[in-house]
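Reader: Before I use the labels attached to this model, I would like to hear what stands behind each of them. Could we go through them one by one?

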Amino acid sequence: MEIIITAIIVTGVIGLISAAMITIATKLMFVKVDPRVEKLMSILPGANCGACGFSGCEGYANALAKGEVAANLCPPGGNDTYEKINELLGLDAGEGLVSKTAIIHCMGDTDTMKSKMIYNGISTCFAAKQLYGGQGSCSFGCLGFGDCVKICPSHAICITKDIAHVDIRRCSGCEVCLKVCPTGVISVEKMPVHVAILCRNTEKGAIVKDKCGRGCISCMKCVRECHAGAIAVNESLAVIDYTKCDGCGHCAEICIKKCIVAY
Amino acid sequence: MEFDFKSLVIIMMSAVLVNNYVLRQFLGVCPFLGVSKDLKSSAGMGLSVLFVMIMAAAATWPIQVYLLTPNGLGFMQTVVFILIIATLVQLVEVVLRKFLPAIFASLGIYLPLMTTNCAVFAVTISNINNEYTFIEALVSAVGAGLGFLLAMVIFTGVREQTAAADPPEAFKGIPITLISAAILSLAFFAFEGVIENLFK
């Protein structure tokens, strides 16, 4: 009987001392946490995609609570999240949400682009890129193994005929795909995007023509015909300046190779 | 106090390699499989386990020797030790949050996991069962922690390879992880007898 009482006393005392230590330590080392951070965390989608420029939703919530950043940096959350953040922080929703979308600048699918070899290796773009720049004859284009498909948090990308396509309605503009694409064939543009040049090949026109049926051959036709002066050709590749483009869609109609596409 | 350097080295090396807590005694396998996906988090987990093991060994040894054994309370060992380890982990968490918020942020998730990590508990128990002195107990805790860290880091390397490889559909995910863990464990069985013969 005595041993049971000793055991109870010893364990009880150790427990009490532990409890006292934790209580004192917590009181002494109390860290003030902004209560809004937790609320902001519950508002944010929690995808930790990094579109806001922070490492995760928590980083963005912290910065928001401190008032360091704008509330419109979370594309995955959409307008709903934006309004809730403004409501919580007492800001007015003047600026509007910056909505973005990813564009895959390649049209060289299995029908239009010649392949230079049959690749039987590990089926990721990253691995395929290591071997002579991939199986397609054009080393600027989409490899089609879908590294971006696997990583896309909004399931907005699909592969057809070895080319990735983005569903603009689903894309949140988080730029995650940008980081995994070994060719850098993806870009993220501010919405609305009316037209896009779906080619990244900077080789001379004659070489491109030989490799791919949908590649930009730098014929300069779009540059001449664009009434807004928004298209320029650099290094044998047409590029659209979206700050000037007014979205008339004329370039998509006249492009000889049909590598300019209207959305 | 007299230091027997050779026996300390033997205790240390055997805790790291021969009796590696994860790969030889299969203790603490949960974090071993759970947080070994990338090097940063597995090294963070390994280091925090190392730290908690040393703290726990230093705290439980005097309590066993000066409080439990003299009062004939050896049977309360499990309860008391778990109580102490949980308290320590809580304290470490509070201190880290206050003074080293960066480290706390990177360890945040793993620290509470340690409370119920059986590898930490096993170190404190085996220190008592082997009748180690205080210094020996500390050295064995350091060895156990380093062994855990070593196992975590090696296995992270293995997992990075299996993630890039393309195993058959049936082996994808958990199965291939368990198989590679088993092979790694077998590899550590090769250390059998190394320590005894090292100091002949």
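Author: In this predicted model, the secondary structure of chain A comes to 10 helices and 8 strands, while chain B has 10 helices and 0 strands. Of the 263 residues in chain A, 33% are buried, and of the 200 residues in chain B, 36% count as buried.

Reader: What makes Tyr132(A) exposed or buried?

Author: Tyr132(A) has 11 other C-beta atoms within 10 Å, and a residue is exposed if that count is 12 or fewer, so Tyr132(A) is exposed. Tyr132(A) lies in the loop between helix 5 (125–130) and helix 6 (147–151) of chain A, and its phi is near 50°, a positive value in a residue other than glycine.

Reader: Why is Phe26(B) called partly exposed?

Author: Phe26(B) has 14 C-beta neighbours inside 10 Å; exposed would require 12 or fewer and buried 20 or more, and therefore Phe26(B) counts as partly exposed.

Reader: How do you know which class Glu160(B) belongs to?

Author: By the count for Glu160(B), which is 14 C-beta neighbours inside 10 Å, so that Glu160(B) counts as partly exposed, given that the class lies between the limits of 12 and 20.

Reader: What makes helix 3 of chain B oblique to helix 4 of chain B?

Author: The axes of helix 3 (residues 39–68) and helix 4 of chain B come within 10 Å and cross at roughly 140°. Roughly antiparallel begins over 145 degrees, and roughly perpendicular ends at 115, so helix 3 of chain B is oblique to helix 4 of chain B. The crossing of these two helices is right-handed. Among the residues making the contact are Val52(B), Met55(B) and Ile63(B) of helix 3 and Phe81(B), Ile84(B) and Leu88(B) of helix 4 of chain B, and by class the contact has 13 nonpolar, 3 polar and no charged residues.

Reader: How do you know the span expected for helix 4 of chain B, and what span does the helix reach?

Author: The expected span is 1.5 Å times one less than the number of residues; with its 23 residues, helix 4 of chain B is expected to span 33 Å, and it reaches 32 Å from its first C-alpha to its last, which is close to that value. Several residues of helix 4 of chain B are buried, including Val80(B), Phe81(B), Ile84(B), Thr87(B) and Glu93(B).

Reader: Which residues count as being in contact across the two chains, and how many are there?

Author: Two residues are in contact if their C-beta atoms lie within 7 Å, and 16 residues of chain B are in contact with 16 residues of chain A. The largest share of the side of chain B that touches chain A, 10 residues, comes from helix 4 (residues 77–99) of chain B. By class, that side of chain B has 9 nonpolar, 4 polar and 3 charged residues.

Conventions: Residues numbered from 1 in each chain as written. Chains lettered and ligands numbered in written order. Predicted model: local features only at pLDDT ≥ 70, side-chain atom pairs only at ≥ 80, totals over all residues. Helix = DSSP H or I, 4+ residues; strand = E, 2+ residues; numbered from the N terminus. Nonpolar A, V, L, I, M, F, W, Y, C, P; charged D, E, K, R; others polar. Axes fitted to C-alpha atoms, helices over the stretch in contact; angles between N-to-C directions. Parallel < 35°, antiparallel > 145°, perpendicular 65-115°, else oblique. Left-handed = near helix turned anticlockwise from the far one by under 90°.
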